[in-house]
Amino acid sequence: MKVTEKDVAYVADLANLDLTQAERDRMVRDLNSILEYIGSLNELDTTNVPPMAQISDRLGVDESRRGSERFAYASREDVLEGLRKSLPHDVALANAPDSDGTFFEVPKVIER
Amino acid sequence: MELKSLTIDAARSAVQERNTSAADLAEAFYDKIENDDPKIGAYLTLSKERALAKAEEIDELAEKGERLPLLGGVPVAIKDVMVTKGVRTTAGSKILGNYVPPYDCTAVARLEAAGAIVLGKLNCDEFAMGSSNENSAWKPVHNPRDLSRVPGGSSGGAAAAVAADMAVAALGSDTGGSIRQPASFCGVVGLMPTYGRVSRYGLIAFASSLDHIGPLTKTVGDAAILLGVIAGRDPMDSTSAEVPVPNYVAELEKPVSGLKIGVAKEYFGEGLDAEVRKSVEAAIQKLAELGCEIVEVSLPHTKYAIPTYYIVATAEASANLARFDGVRYGFRAPEARTLSAMYRGTRNRGFGAEVKRRIMLGTYALSAGYYDAYYLKAQRVRTLLTRDFEEVFKRVDAIVTPTSPTPAFKLGEKVDDPLAMYLADIYTVTADLAGIPGISVPCAESRDKLPIGLQLLGKHFDEATILRVAHAYEQAA
């Protein structure tokens, strides 16, 4: 599988990145070299090997329970402000690049 | 007060016995930073106000003759990927250039609750993505042992600050080797705990299933003290484990005689520098002299660790970094006229080249048509890599390896070759994927006077054993 400039443009679009032409050229080169190296994984037959998303899959789980219940230790009561209080409005907005004091402000979404 | 070789207990005792005050000690470190850091570049932000307020609190306790907490008055510093309330936190990125967090990372809060004085925030590769600290958006870090060389990465500022006596200890983070590799390059101790041992709450996420917080210190004893403070279940991180925290310091003194230490041939193959090999072999001999039984073992899937890592880590990073959109915090491209242009302009100008490369690789690996071939495949190989360790740990108590294939390389040497840079983590990434703990302890110096690190890997939640072996080695060496 060779990554083309078209693939790079498509993936940049998915990732919300506006790459310059120079960046796109470099990305085609780098991704191909890295993916070629990653291709070595295909030497391994993994047909009957389960995928592993998290080490927590193997630790601290209650084996007698099923599904997400196995991770019951990691859950909490579903109550308002159970673990910490919500941030005050002004604190939540303090880092906003643009705000009217009530909402985050962004450029217009729909052109008329 | 002599800052060189100042350990946690020595600093705390000096404040307790009022040979110095916590405030004076903090000021002494700030003087040292002002003098020495311009040529090293370890610090990004100093938190002087917060540090001196805490120092005053500790000094009041000391004046009253009260027993200080474990880290009372001990000056520490924090890698800039952990959020600190009221203190700018950038993750080494322009996209968070002006970010002042409204809350504290749990690990930092626990250090302060134990009396530590937080001096400031430490330089690192952008979003902890790198092995040389050259991906910091702000400035490179120079290795204190040789300023023409890198300190390692991504916790390069943390390793350099401890090595140059600009902090007694530091907290770093390790996703593929980012605590242990810089510790080995700078000649300090670096510990990556088991996944889930230390809360990740407030750690700016790179790859959530691989990110670990851990200490960088001058001695193994100090690493044991810090781990004891930051470890343990935190309801704010659902992956933090409910496993009892032992007294790591007390465990250090248990004998190592009779412990079985595995040596895996896969960690001594092609690409290993001859001097590093010789030093690590001598260290293994030393462990045998201490009464450890050296056992040959095999971790057959090791060569697949780096390719697996660069799929899993980048896939998770592409999802985690999607939150940086210029809306709620951080940098926003000011000239954009539409929302979509604002997102794209913000991300393109806010992120550096390596971060974009990893977002692209991760997005590609997760995209329709490639998910099974790359992401699912890598997750299956991750199982094989973890099983390798589980098998070997049925026979041995710990595994010994080099930390890095070479000593610190020159600044600029690998910046144009991402693959060569990735291989700097070849001996460290597997532990991150399997979630097992690892420690790097200095074991020798090269002919060029560059530090060489020895790595010990342990069973899940068995930091005590690798700390004990590292401590015995450190005392004997």
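The buried residues of α12(B) pack against α1 (5-14) and α2 (21-38) of chain A, and against α10, α13 (371-392) and α14 (418-422) of chain B. A residue counts as buried if 20 or more other C-beta atoms lie within 10 Å of its own, as exposed if 12 or fewer do, and as partly exposed in between, with C-beta atoms placed from the backbone. Contact requires C-beta atoms, placed from the backbone, within 7 Å. Helices (H or I, at least four residues) and strands (E, at least two) are DSSP runs, numbered from the N terminus.

The model is predicted: local features need pLDDT of at least 70, side-chain atom pairs count only at pLDDT 80 or more, and totals for chains, interfaces and linings use all residues. Residues are numbered from 1 along each chain as its sequence is written, while chains are lettered from A and ligands numbered from 1 in the order in which they are written.

Helix α12(B) spans residues 353-366. Its 14 residues reach 20 Å from first to last C-alpha, close to the 20 Å expected at 1.5 Å a residue (1.5 Å times one less than the number of residues). Of these 14 residues, 12 are buried. Among them are Arg357(B), Arg358(B), Ile359(B) and Tyr364(B).

Chain B also holds an open sheet of 11 strands, in the order β1-β3-β2-β4-β6-β5-β10-β11-β9-β7-β8, with mixed pairing. Strands pair if DSSP finds at least two bridges between them. The edge strands are β1 (43-46) and β8 (293-297), each pairing on one side only. Neighbouring strands are turned by 30 degrees on average, direction ignored.

Strand β2(B), residues 75-79, has 5 of its 5 residues buried. It runs parallel to β3(B) (117-122), joined by 4 bridges. The β-α-β crossover from β2(B) through α4(B) (106-113) to β3(B) is right-handed: with the strands pointing away from the viewer, the path over the helix runs clockwise from the first strand to the second. Strand β4(B) (169-174) is also parallel to β2(B), through 3 bridges. Val76(B) has bridge partners Val118(B) in β3(B) and Ala169(B) in β4(B). Ala77(B) stands opposite Ala170(B).

The largest nonpolar core has 170 residues. Such a core joins buried Ala, Val, Leu, Ile, Met, Phe, Trp, Tyr and Cys residues through C-beta atoms within 7 Å. Val76(B), Ala161(B), Ala167(B) and Ala170(B) touch the most other members. Helix α10(B) (305-320) gives the largest share, 9 residues. Beyond four places in sequence, the contacts of Ala161(B) include Ala77(B), Leu122(B) and Ala170(B).

Conventions: Two residues are in contact if their C-beta atoms, placed from the backbone, lie within 7 Å. Axes are lines fitted to C-alpha atoms, for helices over the stretch in contact, and angles run from 0 to 180 degrees between N-to-C directions.
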